[in-house]
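Student: I've got a model open and want to talk through its insides. Can we go through it together?
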Amino acid sequence: MTISNDIPLPQERVVPGSCNIEPGQFPKTMLESGLPLDPDAIASNIVDQLNQGLSAKDKKTVASLFLENCYWRDHLCYSWDFRTLEGSQAIAAFVTEAPLSKIEIDRSSDLRSPHRAAIDAFGDVFGIEFFFKLTTEDGQGDGIMRLAEHDGKWYIFTVFTSRVALKGHEEKTGRPFGVRLGEHQGRKNWKDQRTDEINFEGKDPAVLIVGAGQGGLTAAARLKMLKVDTLIIDREVRVGDNWRQRYHQLVLHDPVWYDHMPYLPFPTDWPIYTPKDKLADFFETYVKFRELNVWTQTEIKSSSWDEDKKQWTVVLERKTDNGTETRTLHPRHVIQATGHSGKKDMPAFKGMEDFKGDRLCHSSEYPGANSESKGKKAVVVGSCNSANDIAQDFVEKGYDVTMVQRSSTCILSSESTLGIAFKGLYDGNGPPTEDADLYLSSIPLRLFKAQQVKVTKLTNQNDAKTIAGLEKAGFKVDKGPSDSGLLMKYFQRGGGYYIDVGGSQLIIDGKIKVKHGQEISQVLPHGLRFADGTELEADEIVFATGYQNMRTDTRVIFGDKVADSVDDVWGLDKEGEIRTIWRRSGHPGFWFMGGNLALSRYYSRLLALQIKALEEGLTTW
């Protein structure tokens with residue numbers, strides 16, 4: 001596999017230290033659509049041989065079952081890490097050196113049973129696809145296998161395995177009785193018991209989560225199901241305030257089927273695109289319904305790690321109805337769930353302190369446009385989701401708006417998101433969310449990148465009129481890394497894209513003017529000056545310039561020692577797995593959690609299982 005870290009095109013940029021993986025190769029197939037076959041018999045034969053090879057730890061037999069160009073992506077089943085192995089020999093060594101395992105085909109539905117399918121998830125390469133259950137010595141997993149035909153014989157092309165349970169420590173299921181019959185002197189009712197649980201009087205949580213956004217809430221929900229005592233702290237007054245306090249018109253750009261929370265999906269009449277305040281209220285409801293332990297208006301005053309005791313000492317300051325209290329806790333794990341990124345990335349320019357306009361701020365501080373400022377000039381620096389939303393808000397309030405686009409942006413319309421990118425997987429006709437998550441995760445990212453090249457070609461065709469209009473208006477559009485579109489740009493860079501919910505047409509119509517490619521040299525008392533000497537007047541300037549790495553928040557909250565010991569977060573490692581987040585951070589007892597709602601939903605289980613395994617002594621640091 002060739003990896004490049006130094007590609008000059010803006011769309012190929014990656015976060016420092018990350019790998020710009022090349023697209024993988026799908027196999028050629030001689031299987032015609034009308035060729036008769038028995039998918040179940042073919043899959044059963046392959047699985048029987050694979051189980052025999054795994055049982056005997058026979059590398060040769062296992063390797064012989066795979067195509068030369070093949071992949072096995074594993075999430076915690078064969079190691080306590082996220083791995084993607086390529087090539088039959090590497091795969092055989094990996095799975096036969098692990099504890100014994102057995103694969104059983106899942107025939108519980110037509111989708112899960114062996115069936116003829118487009119194994120590129122697109123329609124150019126056909127083979128056989130099926131879900132399976134995996135049993136190991138210490139737990140269970142779910143998986144998906146894809147078979148391809150070569151020279152008249154069937155081989156394994158891809159395998160995905162994802163742990164779902166620890167043996168003897170499965171998630172608790174079923175309804176509790178809810179009442180204790182008979183006489184119980186001094187017993188407390190449910191509300192009293194919940195108050196005790198939340199306050200952790202006389203005890204310490206095993207896990208302390210910092211941040212009550214989707215990352216913190218989903219991790220806490222998973223840990224609760226594994227009977228791991230967990231406390232979430234958040235500095236805001238209410239759960240959900242991290243969303244409520246964002247700009248007034250914010251609506252999620254992902255459709256509802258992609259955003260469900262674990263154990264409590266959104267109602268069937270929930271809007272396709274969720275308003276920020278509605279999501280914030282749902283988060284509060286989620287905490288109550290899932291009985292999660294949360295302290296709001298709470299901040300860390302100091303923290304330290306005891307290597308001998310394998311525990312933290314964390315001093316908290318908590319505001320309550322009775323005043324401010326200080327509590328010292330000793331959790332064994334701390335999860336930083338303070339958001340996808342770290343500190344706001346606010347550039348520093350000469351003259352910023354002399355700006356005489358109404359407002360100069362970062363997008364994270366932007367509350368909304370002033371409806372009484374019609375005719376005033378606003379400049380938005382940036383061209384991605386927040387920048388477009390903020391510029392649209394300014395237009396709707398009557399401002400004269402200019403967007404400063406420093407480099408090209410990957411554009412995907414909301415129509416293409418629903419009708420092409422997520423069609424059949426996360427839409428009203430898609431499979432159950434757990435199946436959809438497993439299916440999406442089952443594609444090794446090199447193959448996913450190759451697949452997304454095809455998807456991006458289709459979405460760009462669908463959005464051709466918009467893209468042409470943007471280019472004519474001076475707004476530069478790209479197709480993402482290796483032309484693989486928005487999702488791969490998100491994985492590799494964490495930004496550089498816009499899901500179009502209306503801003504693009506405003507640019508095309510000239511209601512948002514564009515200044516592209518010029519670096520800002522100075523902030524003037526009433527505007528901006530650029531490197532080419534041109535100037536822009538501005539009454540308000542908003543820098544929608546993104547955020548820094550999550551480690552910057554680590555340094556602020558936990559200090560230099562912890563921040564210097566953890567690995568870089570986000571971007572891809574050399575195997576194509578996302579770095580550090582949801583996996584061991586480099587510092588014992590310290591974890592990162594974050595991402596959009598879909599990533600939080602899937603990876604929260606894997607993070608919780610790693611912590612539970614450490615708690616039960618099934619693995620060590």
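Tutor: We'll take the domains, then the cavities, then a pair of helices. Keep in mind that this is a predicted model.

Student: Fine. Which domains is the chain divided into?
Tutor: Domain 1 covers 39-166, and domain 2 is built from 192-342 + 548-616. Domain 3 takes 348-405 + 517-546, and domain 4 takes 407-491.

Student: What separates the centres of domain 1 and domain 3?
Tutor: 53 Å, taken over C-alpha atoms.

Student: Now the holes. How many cavities of 30 Å³ or more are there?
Tutor: The structure has 3 of them. The largest cavity holds about 210 Å³ of space.

Student: Which residues are closest to the centre of that largest cavity?
Tutor: Leu 440, Ser 441, Phe 491, Leu 599 and Tyr 603. They belong to a lining of 15 residues.

Student: Which helices each supply at least two residues of that lining?
Tutor: Helix 11 (433-441), helix 12 (445-462) and helix 18 (597-615). Helix 18 gives the largest share, with 4 residues.

Student: And by domain, where does the lining of the largest cavity draw at least three residues from?
Tutor: From domain 2 and from domain 4, at least three residues each.

Student: How do the residues of that lining divide into nonpolar, polar and charged?
Tutor: The lining of the largest cavity has 12 nonpolar residues, 1 polar and 2 charged.

Student: Next one. How much space lies in the second largest cavity?
Tutor: About 50 Å³. Its lining includes Phe 26, Asp 120, Arg 146, Phe 157 and Gln 451. Strand 9 (153-166) and helix 12 each give two or more residues to that lining.

Student: What classes are in the lining of the second largest cavity?
Tutor: There are 6 nonpolar, 2 polar and 2 charged residues.

Student: Why does the second largest cavity lie between domain 1 and domain 4?
Tutor: Because both domain 1 and domain 4 give residues to its lining.

Student: Helix 12 keeps coming up. At what angle do the axes of helix 10 and helix 12 cross?
Tutor: At roughly 135°. Helix 10 spans residues 414-421, and its axis comes within 10 Å of the axis of helix 12. Angles over 145 degrees would count as roughly antiparallel. Helix 10 and helix 12 are therefore oblique to each other.

Student: Is that crossing left-handed or right-handed?
Tutor: Helix 10 and helix 12 make a right-handed crossing.

Methods. Residues are numbered from 1 along each chain as its sequence is written. This is a predicted model: local features need pLDDT of at least 70, side-chain atom pairs count only at pLDDT 80 or more; totals for chains, interfaces and linings use all residues. Side-chain values use heavy atoms; hydrogens and water are left out. On a 1 Å grid over the protein atoms alone, a cavity is a set of points where a 1.4 Å probe fits but cannot get out, and a pocket is an open set with protein on both sides within 12 Å along at least five of seven lines; lining residues have an atom within 4 Å of a point. Grid points are joined across faces, edges and corners, and a volume is the space filled by probe spheres set on the points. Ala, Val, Leu, Ile, Met, Phe, Trp, Tyr, Cys and Pro count as nonpolar, Asp, Glu, Lys and Arg as charged, and the others, Gly among them, as polar. Domain bounds come from an automatic or database domain assignment. Axes are lines fitted to C-alpha atoms, for helices over the stretch in contact, and angles run from 0 to 180 degrees between N-to-C directions. Angles under 35 degrees count as roughly parallel, over 145 as roughly antiparallel, 65 to 115 as roughly perpendicular and the rest as oblique. A crossing is left-handed if the near helix is turned anticlockwise from the far one by less than a right angle, and right-handed if clockwise.
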